[in-house]
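Good morning, and thank you for coming. Please look at the structure as I bring it up, and keep the sequence at hand while I speak.

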Amino acid sequence: MSIVICFNNKDPKPWQNVLELKLKEVKIEIYPNVKQPQEVTFALCWKPDQNILSKFPNLKVVQSVGASVEHIIRTQNFSPNCTLTRVVDHQLSEDMFEFILAGVMSHLKRLSEYQTDEKQKYWSQRSYKRINNTTIGVLGLGEIGAYISTKLGKLGFKVKAWSKSKKSIENVLCFNGNNGLHNVLQNTDVLINILPLTSETENILNLQNMEQLSKNAYLINVGRGEHLVDSDLITLLNNKHLSGALLDVFRKEPLPVEHPFWQHQKIKITPHIAAITDISTASNIIVTNYKNLIEGKKLIHSVSLEKGY
Ligand code: GLV
């Protein structure tokens, strides 16, 4: 019984160090340096190479070290006795909320326009928006989406939210299904996308959907780059239907230097940092799941391979 860490774009060493402290008796190796692949029963993954998990014939648990799992589902073949799990961590939800709040408030108070003015020593007072006359639409009511919607509602925003299945959250107008999506988009001033990436949600941020937002609406994408049709966003910014966008995720990361988003005045880019998994809290989930596997108990935060979340 051993653990393998299979990461791309993330340093595996700190994870190995923390887990070695918390699981003293357990062998924890970093792919590709695995001496006995048949001993591996538990894999910790972040954007693993295509089909790499097939090298471990006795694998029982594949644990994403993030909240998302599409980077695993889309690249691996799962044997029927293998369970996929993910990180559900209050810290991740709180970090995401703080990032979104910063993005929304900066938009309402037009802070980035003042940054540009300041560079040119240009003094110009602009109108601003207030929380109590701003409607926010949230796409995705999983653990993090529900947390964000609730907190934004408590701050005084009018919040509408959309999910695949029916949900109900206090002070949030919840919608589901195709008609529900239309209800969330219409009259929304700030759209926040935090959906999981599945074949049904891919390209959901397209011209037809984003055109339904209020004139001058603002987009915040913290879901996945594949949710957004890049050229449709540029069209809607250039024809002034949307006033701007804050993007934390991209189809290709790092965002290639030649990508038009870098040059666009109305697009703000952050390098996928909205909410970064906290090793100290997330490693507790991994330890629990490893122990549950050994003791034959139910794993926590398992994912439906069929639904994709
Ligand atoms: C971040 O993108 C995550 O999946 O946790």
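**Selected sites and helix contacts**

Lys 307 is located in the segment that follows helix H9, which spans 279-294. Please note from the outset that this is a predicted model. Is Lys 307 buried, partly exposed or exposed? Its relative accessibility is 49%, and exposed requires over 50%, so Lys 307 counts as partly exposed. In sequence, Lys 307 and Thr 198 are 109 residues apart. In space, their C-alpha atoms are 7.8 Å apart.

Let us stay with helix H9 and consider its partner. The axes of H9 and helix H1, residues 13-22, come within 10 Å and cross at roughly 55°. The two helices are therefore oblique to each other, and the crossing of H1 and H9 is right-handed. Which residues meet there? From H1 there are Pro 14, Trp 15, Val 18, Leu 19 and Lys 22. From H9 there are Ile 279, Ser 280, Ala 282, Ser 283, Asn 284, Ile 286 and Val 287. By class, this contact of H1 with H9 comprises eight nonpolar residues, three polar and one charged.

Helix H3, residues 90-108, packs with helix H5, residues 143-155, at an angle of about 50°. Their axes are 9 Å apart. H3 and H5 are therefore oblique to each other, and their crossing is right-handed. On the H3 side, the contact is made by His 90, Leu 92, Ser 93, Glu 94, Met 96, Phe 97, Ile 100 and Leu 101. On the H5 side, Glu 143, Ile 144, Tyr 147, Ile 148, Lys 151, Leu 152 and Leu 155 take part. The contact of H3 with H5 has 10 nonpolar residues, together with two polar and three charged ones.

I turn now from helices to loops. Ser 68 sits in the loop between strand S4 (61-64) and helix H2 (70-73). Its relative accessible area is 17%; buried means under 20%, so Ser 68 is buried. What does Ser 68 touch, leaving aside residues up to four places away in sequence? The residues are Trp 46 and Arg 224. With Arg 224, Ser 68 makes a polar contact from side chain to side chain, at 2.5 Å.

Next, the backbone. Which bonds are cis? One joins Tyr 31 and Pro 32, with omega about 10°. Pro 32 belongs to the loop between strand S2 (27-30) and strand S3 (40-46). Another runs from Glu 253 to Pro 254, with omega near -5°. Pro 254 is in the loop between strand S11 (242-247) and strand S12 (267-269).

Finally, please find two residues with positive phi. Asn 187 is not a glycine, yet its phi is positive, about 65°. This residue lies in the loop between helix H6 (177-185) and strand S9 (190-193). With a relative accessibility of 56%, Asn 187 counts as exposed. Lys 240, also a residue other than glycine, has a positive phi near 65°. Its place is the loop between helix H8 (230-238) and S11. Lys 240 is exposed, at a relative accessible area of 51%.

That concludes my presentation, and I thank you for your attention.

Conventions:
Residues numbered from 1 in each chain as written. Predicted model: local features only at pLDDT ≥ 70, side-chain atom pairs only at ≥ 80, totals over all residues. Heavy atoms only, no water. Axes fitted to C-alpha atoms, helices over the stretch in contact; angles between N-to-C directions. Helix = DSSP H or I, 4+ residues; strand = E, 2+ residues; numbered from the N terminus. Parallel < 35°, antiparallel > 145°, perpendicular 65-115°, else oblique. Left-handed = near helix turned anticlockwise from the far one by under 90°. Contact = heavy atoms within 4.5 Å. Nonpolar A, V, L, I, M, F, W, Y, C, P; charged D, E, K, R; others polar. Buried < 20%, exposed > 50% of the residue type's maximum accessible area, 1.4 Å probe, protein only. Polar contact = N/O pair within 3.5 Å; in protein donor to acceptor, adjacent residues only side chain to side chain.
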